[in-house]
Amino acid sequence: MRRKGQSTVGKLGTITRRTLLVGTAAIGAGVAFVAWRVNQPLENPFRGNPDSGDTALNPFVLIAEDGTVTIVVPRAEMGQGVTTTLAALVAEELDVGLSDIAVIHGPASSAYYNAALITSAMPVEPWDDGMMADGFRQFAGIVGKVMGMQLTGGSTSTRDAFDRMRIAGACARETLKATAAEVWNVDRSTLQTRNGSVIDPSGPRSVRYAELASAAALREPITDIEPRDPSEWTILGRSQHRVDVPAKVRGAPIFGVDMAFDEMLYGTVAMGPLPGVKAKKADRNAALAIPGVRAVVPLSSVYGEGFGVIADNTWTAFKAREALAIEWESEESYGETELNAAFDEAFDAGGGDVHRDDGDVDSIFSEAAEDDILAADYAVPLLAHATMEPMNATARLKDGKLDIWCGNQAPTLVRRFCAEGLGLDEEDCRVHTMMLGGGFGRRAEFDFALYAAQMAERTDGIPVKVTWCREEDTRHDLYRPPARARCRARLDGDGAIAALDMQLASPSILGSLMGRMGMSAFGQDATMSEGAGNQPYRLENFRVSTPEIDLPLNVGFWRSVGNSNNAFFMECFLDEIARSADRDPLELRLSLLDGFEPAKAVLRKVGEMANWQGGSVGPNRAQGLAFCFSFNTSVAQIVEVSRDDDERISIDKVWCAADCGLVLDPAIVRAQLSGGIVFGLSSAMMQEITLKDGAVEQGNFDTYPMMRYHQCPSIEVSLSRRQTFMGGVGEPGTPPAAPALANAVAALTGERVRTLPLNKAVTFA
Amino acid sequence: MVKLTVNGQPAQFDVDPEMPLLWALRDVLGLMGTKFGCGIAQCGACTVMVDGMPRRSCVTPVGSLEDASITTIEGLAVGDRPHPVQQAWIDEQVPQCGYCQAGQIMSAVALLEENPEPSEEEIARAMTGNYCRCGTYPAIRAAILRASGQETGPPAANASERTIDRG
């Protein structure tokens, strides 16, 4: 979709902050530098590592002497099945079975940059297939390579890996074949591969990859290859047994928090309530008097000021943390009153970046009679990630070398900022990525690793495992921003939307993030409007602007990012418009989606699945509908709720129709969409972070709960394949869930709730 | 000194008797399968069996367990053979991040030892103390039904499946 009044060339001038976050050097240094870097071979992190005993055919394929094939998956496994699907991309080309290989997280290395994340940040919509758009995408990929960002986020892992890892597998296969061809003195093209062997059918004879690997590694790799046609696939496109499941079912020590050494220390942290707030008083003697407490050390970072406690075990460290009884220096009285005032001020001042400005919204409203205008204000709170595995990292500083073991979504950032924090060269800092007990965006930061690194400076080379207690984790998150929307629509007599104006106020995630990274922010923050301003809805007069508020605490990426709040605003307001105009909410959306068939198809599909009749399903039962196109995936959902005799509401059923283009593993895709729905429903039902006297009020799960087993609906997911481009699946399940639930509750009760969480207005069973 | 058995093996803990069993297992004994989630018995990630009953190890002082018999996730499999509940978890491909799953499995094992064919309501009552942030509850339900012989349909990850509507 081309936005009116803004040519593609014009977009060059409005490159988003998200782009610049990763692209500053490239923009400044120019194309010559870019071209030079991308023409260099990528760093192979396994070259010059003779103690491993493995032969690296390329940064993604290792073959050991014993025949074990190891596939390096350069993205973090946080439950999204990425180790399985990315390994499958290589295995499909290499002709090895998924059950016969080992899969590891790669080291921090620029070889594993994420180009798709950066491409998705470009100011080009995925359905814009113009030449200029292609140029942008290519350029963004180059920028990503130059910056060496190894980040798991933005639902990009599979999209980024799709060509690259298949080519890595094919390159390894053909290079192994070339090695065998030389030995047998035959032409490479006559050879085949199967089950980890090269086969010569004319012999017949065969040789295991392991026997060829060390010779193959010395050859110039064969690179003039195309990945196989999907019609030849035997692994991809089918539901696989996930490679990480057996260890997770066994209780194997695979998470960051499970790191153990024969000799080690344990720690925890006690950080100030807001960034920059220092301790006024701390009872270090009381902490040190507890048997087993070794040290109390000051900690300081862009995230905050405070203390680390080092002890003989985690429980003793937790007790010592309490004993510190820290009083903080803050004069800050920031609370809900100040937050409300900030939003009021932002709306009164108006302005903010204009992310979409189709037609002439102002003149349509100025000519409108008051009765023709529908207006509503919405509000959503701050949210914490609440990963089940609390923040933690293990660090060892020995002989000038720092090793960090942790679950993380950005190992190159962890390496850079931990090295910088300790005054080391990056080459002297190694990051070992463990399994993540949940990420959702929280582990794209580096605070947990930096604190462990700072504490390791005090333990004489002994590793220290630093685990946060739940309260520390909840109160020192990088929160989903609080956001509010002021929405106005002018309706025509025939129920059409003559104009739609949305002001979306929030703090800027990218401004907050770039502040932490020591970079200055400029340009638009696309996350402030995504889920509303970038939707494939066509309206003649449509404006989305984003007034910005300041907040004294850090905000960050929370599963589905801006879509999590903006889809709530957009999809609830469309529901209100439909009710007000006496139109079916599904029909209304279909009428707005002309020109993007995949979106219309998922809406029609979900309507069929749920036997949609406009929302009402009898006296104490109702359905709500929502749609969101996010991370290149179209998702429509219908939530069905019912009410018991005590007015308690149950969420009984969710239907979800989605189109992410090519589906590489249907079971994993369904599981991700289903999990994303539960994540969104939890937030809509019951989650909020509030501030009082300059501190977060919630601490543990008793004050920041999530959906429990008995509250979980049955969930039915249908996948379709009309999109010609691939979309992500880790996040797109989340955005429609909250508005679909709110719309269902409105249909059930007749009362529109415009503020989340819903349990402030209704009671859930 | 507290003496008890863990997964059938005698164990002694020379620690503060107030130390929760969770930390005795993890930091003293080195058994990492039992997980820390909240420390206040809200999330169930630390669930173990004490004398056959499910207990939240994060609030159970080790000093209260003299002579008790503890079973953790590491004690379920027999050699390489997973416990039937673990096998059902594999068949249904339950875990996503996996962090809560040891606690989920221990709660399910405790339920099925007490009640081999639980109704859906009984399953909900037994499992509602175990949080899953990834939202695997529907898969957990399917796995418990499978482990109790009440679900015999095709499992979640079925490699023959290619049921994408190509419309």
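This is a predicted model: local features need pLDDT of at least 70, side-chain atom pairs count only at pLDDT 80 or more; totals for chains, interfaces and linings use all residues.
The term covers a side-chain nitrogen of Lys or Arg within 4 Å of a carboxyl oxygen of Asp or Glu. Helices (H or I, at least four residues) and strands (E, at least two) are DSSP runs, numbered from the N terminus. Over all chains, the structure holds 48 salt bridges.

Local features need pLDDT of at least 70 and side-chain atom pairs pLDDT 80 or more, whereas totals for chains, interfaces and linings use all residues. Residues are numbered from 1 along each chain as its sequence is written, chains are lettered from A and ligands numbered from 1 in the order in which they are written, and side-chain values use heavy atoms, without hydrogens and water.

Chain A contains an open sheet of three strands, ordered β5-β6-β7, with antiparallel pairing. Two strands pair if DSSP finds at least two bridges between them. β5 (192–194) and β7 (205–208) of chain A each have a single partner strand, so one side of each is left without a neighbour in the sheet. The twist averages 30 degrees from one strand to the next. Axes are lines fitted to C-alpha atoms, for helices over the stretch in contact, and angles run from 0 to 180 degrees between N-to-C directions. Four bridges join β6 (residues 197–200) of chain A to β7(A). A:Ile199 stands opposite A:Ser206 in β7(A). Helix α7 (residues 157–184) of chain A packs on the sheet and touches β5, β6 and β7 of chain A. Contact means heavy atoms within 4.5 Å. The direction of α7 makes about 45 degrees with that of β6(A). Helix α8 (residues 209–218) of chain A lies across β5, β6 and β7 of chain A, at about 65 degrees to β7(A).

An open sheet of seven strands in chain A has the order β10-β11-β8-β18-β15-β16-β17, with mixed pairing. Its edge strands, β10 (293–301) and β17 (429–433) of chain A, each pair on one side only. Here the twist averages 25 degrees from one strand to the next. Three bridges join β8 (residues 265–271) to β18 (residues 464–467) of chain A, which run parallel. The bridge partner of A:Tyr266 in β18(A) is A:Lys465. Helix α14 (residues 411–422) of chain A packs on this sheet, its direction making about 145 degrees with that of β17(A). Helix α15 (residues 447–456) of chain A also packs on the sheet, at about 35 degrees to β15(A).

At the interface, 57 residues of chain B are in contact with 71 residues of chain A. The buried area is about 5,400 Å², with 58% from carbon and sulfur atoms. This is the accessible area (1.4 Å probe) that two parts lose on being put together, summed over both. B:Gln96, B:Tyr131 and B:Arg133 supply 17% of the area that chain B buries against chain A, more than any other three residues. Three salt bridges are counted between the two chains. In one, A:Asp258 meets B:Lys35, the closest N and O atoms being 3.1 Å apart.
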